[in-house]
Amino acid sequence: MAKVYVTGLGFITSIGNDITSVAENLREMRHGIVAYEPFAASEIPVKVAAPVRDFDTDSLDPEDWTYPNRYRVRREYLRSMGPHGLYSFCSMIQAIEDAGLAPEDVSDEETGLFGASAGSPNLLTYYVRRMHDLGVMRCSPLGIVASIAGTVQFNLVAHFKIKGASTGFASACASSSHALGYAYDEIALGRQKRMFVVGAEDGNVETILPFAGMRALSPSDDPDTASRPFDRGRDGFVGTGGATTLVLESEEEVARRGVVPYCELAGWGQASDGHNVAISHPDGHGLANALSRAIQSSSIEPSAVDYINAHATSTPIGDVSEGKAIRTVFSPSGSKPAISSTKALTGHGLSLAGAMETGFCALALRQGFIPGSAHVTDLDPAVVDLNILLETEERRPQIVINNSSGFGGANVALVMRAVPSVG
Amino acid sequence: MPKADTKAQKESKSAGSAPKPLSVEEESTLRESLKRCSPATIEAAIAYRKTEEASHLPAVIIGVIERFVEPDLRAKLKEADDELRLVEDLGIDSLTMMEIVILVEDVLQMQINNEDLRNLRTVGDIKVFIDCKVRGLPPPQPTKFLPIEQIVSVMPIQAPFLFLNEASITGSGAQGKYKITGQEFFLQGHFKDNPVMPASLMLEALGQLAVLYLLEGAPPEEGKVVDQTKIFFTSCEGVRCHRICRPGDLLSLSIKPKRTKMPLATFEGSIRVGQDKAAMAEEITLTFAYSDAKTSDAEVAALDAVEGDTRPPTITAATA
């Protein structure tokens, strides 16, 4: 099996719209959560969110949107995008630059793209309402491609002239981790030499607030503490949006281009809870299996794992069941990998989460730090035996795992390994 | 403004149908719909909605098209060239065309169905189409595109003396293309070691396009068919050549009928290579004669087969 490396990153996130600021904010544990204006109305029981900055995508007409000057998006492209389509496009541009890819590397028959997106519910409801109100023939001709699940890869594959494998993944909060796993397979099996993986979410009223109905969102009005995975007082997640693009390349391609990767993507595993449509298995059964498979697929020992970027979203049930899964896999060997949830800083990005957090792990592996789990003032006794890192540690991990869990009890674990050549 | 309104309303009343007055809300909706168009477009649209005078339409239509064309191509629209092709020259794909249609429908309060749309290839086609639509006239004869196979099947002239690769015919004339390949037999001697398309054959090519127009365009008289064995060259006036044409050049031929009365049909013609004028003829006159019209049904059937449309019927019942 060919080895697979992460060679480029692009971020549009609540904690930064470029690699430098994202890395800095992770290290310094500065969060991106604010009192979110669209939640201000008194009847809305949720007050905070972690929106992306420097973009205004509130309008239903993409031509009204504003975005940073460094990006130029043709109207012809913009018209088929939802807000997270634009975020994806910008993160893709960053990742291509960061990886140092020439246009012929991007548009190549052995270069593919996997997307993860649940679509744009705001645009979708707008178009459907318009169809009912104004008539079938007054629907925007591009309303469908701009709003349904899959919109990320439809747009990016067309606009960046991708010629290899392309598809999308929809396993809710595990979507972009699934995309990464299957992109790893494409390269490891020799089908593609390079894959772009893009996770994205609008991160607006329509993607976040429906979670209030299932009581999954934190009702806290304090941006500084609302998202506090593993804290005893945690009371739900904080929503976010944005996009992250990762460039995965084969060992051969890394050598040919002479680039220094962030890290190796060493393997992955997945398993399902077979338990509940929206609640994690109380013992973290599926996640434990996903972790074991990921470890096996990477040919490492559990004791070699230095850091786990937890899925922990700051919900009462989820964080504890993840703790149990980690205990199941690591306790027999007596190892205690450092654990943190960067969702304390970013909020939970749903389809974006897996790609964003794998990107964070890649930064940690290259720059030599382990981000702390912010906002924990009273560590939940249920996880007190685990090595939850409360402050950032300035040391280079060698093996890192990123966990993701989605609706339906889907669990994915991705294993990354440091590359020796980085100074 | 109030004065102009009164005058315009009087004028259109005299034409028979009083336009509905445009309410303040309607005007502001109209302005909102057109907010990305030029101020001139907005004013023309308001003027049209107030007066229903067709003279405002070209400005509205060009303005709406301009709004959807990428900025670097917009300069072309300023040339006021009705021959500008939507796809090839302005980069308008079929989805952008739908955006244009939806906005035009919205602004001019009309319904345009898909069948009519696919016949619109140039800016001029759109202007004429919308003009007919608001005047309540039947839509103009659509552009008929003839690939080489079809040209060969109808023309009395054949290889190696046929100088058309493709052609399109509208109510107002015909356009054709001919690429000089370098393999033409006459280039061996015209000239020695220096192949140049003979000017006389460039005229011949224009004449052939005129023949095609007589055969495939609207018949000069209702219910009659031009006999393809009875078309011959008669005369030519005002011919000027501006450019030497060589192998590799793509000739864009254009003819327009000036007058047609059995047995004579007179056309003006021009040839361009890219943006360069290559040759002009003020008048090319052909003689022709009619034969029985019984073949026409078969031709129509053949054309339908070529254009065979598998799309579902257009929904026209939706009301705004």
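These exercises go through a few features of a structure with worked solutions.

The model is predicted: local features need pLDDT of at least 70, side-chain atom pairs count only at pLDDT 80 or more, and totals for chains, interfaces and linings use all residues. Residues are numbered from 1 along each chain as its sequence is written, and chains are lettered from A and ligands numbered from 1 in the order in which they are written.

**Exercise 1.** State how many residues of chain B are in contact with chain A, and sort them by class.

Solution. Two residues are in contact if their C-beta atoms, placed from the backbone, lie within 7 Å. By this rule, 10 residues of chain B touch 10 residues of chain A. For the classes, Ala, Val, Leu, Ile, Met, Phe, Trp, Tyr, Cys and Pro count as nonpolar, Asp, Glu, Lys and Arg as charged, and the others, Gly among them, as polar. The chain B side then has 6 nonpolar, 1 polar and 3 charged residues.

**Exercise 2.** Give the strand order of the open sheet in chain B, and name its edge strands.

Solution. Two strands pair if DSSP finds at least two bridges between them. The sheet has 7 strands in the order 1-2-3-6-7-8-5, with antiparallel pairing. Strand 1 (144–146) and strand 5 (232–241) of chain B each pair on one side only, which puts them at the edges. Strand 5 is joined to strand 8 (residues 276–287) of chain B by 8 bridges. Within strand 8, B:T285 stands opposite B:S235.

**Exercise 3.** Name the residues through which helix 2 and helix 3 of chain B make their contact.

Solution. Helix 2 (residues 24–33) and helix 3 (residues 39–51) of chain B pack with their axes 10 Å apart. Helix 2 of chain B brings B:E27, B:L30 and B:R31, and helix 3 of chain B brings B:I42, B:A45, B:I46 and B:R49. These residues divide into 4 nonpolar, no polar and 3 charged.

Definitions and conventions:
Axes fitted to C-alpha atoms, helices over the stretch in contact; angles between N-to-C directions. Helix = DSSP H or I, 4+ residues; strand = E, 2+ residues; numbered from the N terminus.
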